[in-house]
Amino acid sequence: MKKNTNLGLLILRVTVAGLMLFHGIAKLGHLDGIKGMLSTNGLPELMAYGAYITEIIAPLIILVGYRTRLASLVFFVGMLFIIFLAHTNDIFSISDKGALQNELIYFYTFGSVALFFTGAGKYAISSKNNWD
């Protein structure tokens, strides 16, 4: 079978970004829990709007393939905030099914790292830019 890296990158972009959009859309107008968590940790509540950047704006940019590497870096930083603010106590916890409790979060985090290193591929709006 012939290798098609560009199709694989498109599938990765659609999967990582598309699935994260559901989380972001669910948070539209519902940031109170995030604001409370931030203030509990001594951080300004204004940072809660970063959830929209991490879960809506960056995924949309990744999805269309515009400056994918830069958007993936922003997405990655946002995922680190999610891991260390909301999941500090269960980073390596195992679920009752035997899997990592936060495996979906790790999929998003390392999926963004993969896209950072590879770029968007040929099936993207900006496929010739260094920061595609």
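The model is predicted: local features need pLDDT of at least 70, side-chain atom pairs count only at pLDDT 80 or more, and totals for chains, interfaces and linings use all residues. Residues are numbered from 1 along each chain as its sequence is written, and side-chain values use heavy atoms, without hydrogens and water.

**Confidence**
- Mean pLDDT (the predictor's confidence in each residue, from 0 to 100) is 91 for the chain, and 95% of residues reach 70 or more.
- Among the chain's elements, H3 has the highest mean pLDDT (96) and H2 the lowest (92).

**Annotated spans**
- An unreviewed UniProt entry lists "transmembrane region" at residues 7-26, 46-66, 73-92 and 104-125; such annotations may be inferred rather than shown by experiment.
- Residues 73-92 are 70% helix and 0% strand, with end C-alpha atoms 23 Å apart.
- Residues 104-125 are 68% helix and 0% strand, with end C-alpha atoms 27 Å apart.
- Helices (H or I, at least four residues) and strands (E, at least two) are DSSP runs, numbered from the N terminus.

**Largest pocket**
- The largest pocket holds about 490 Å³ of space.
- A pocket is an open set of points on a 1 Å grid where a 1.4 Å probe fits, with protein on both sides within 12 Å along at least five of seven lines; lining residues have an atom within 4 Å of a point.
- Its volume is the space filled by probe spheres set on the points, which are joined across faces, edges and corners.
- The lining of the largest pocket has 25 residues; Ala51, Glu55, Gly78, Phe81 and Ile82 lie nearest the centre.
- Helices H1 (5-27), H2 (32-40), H3 (50-64), H4 (68-86) and H5 (103-118) each give two or more residues to this lining.
- H4 gives the most, with eight residues.
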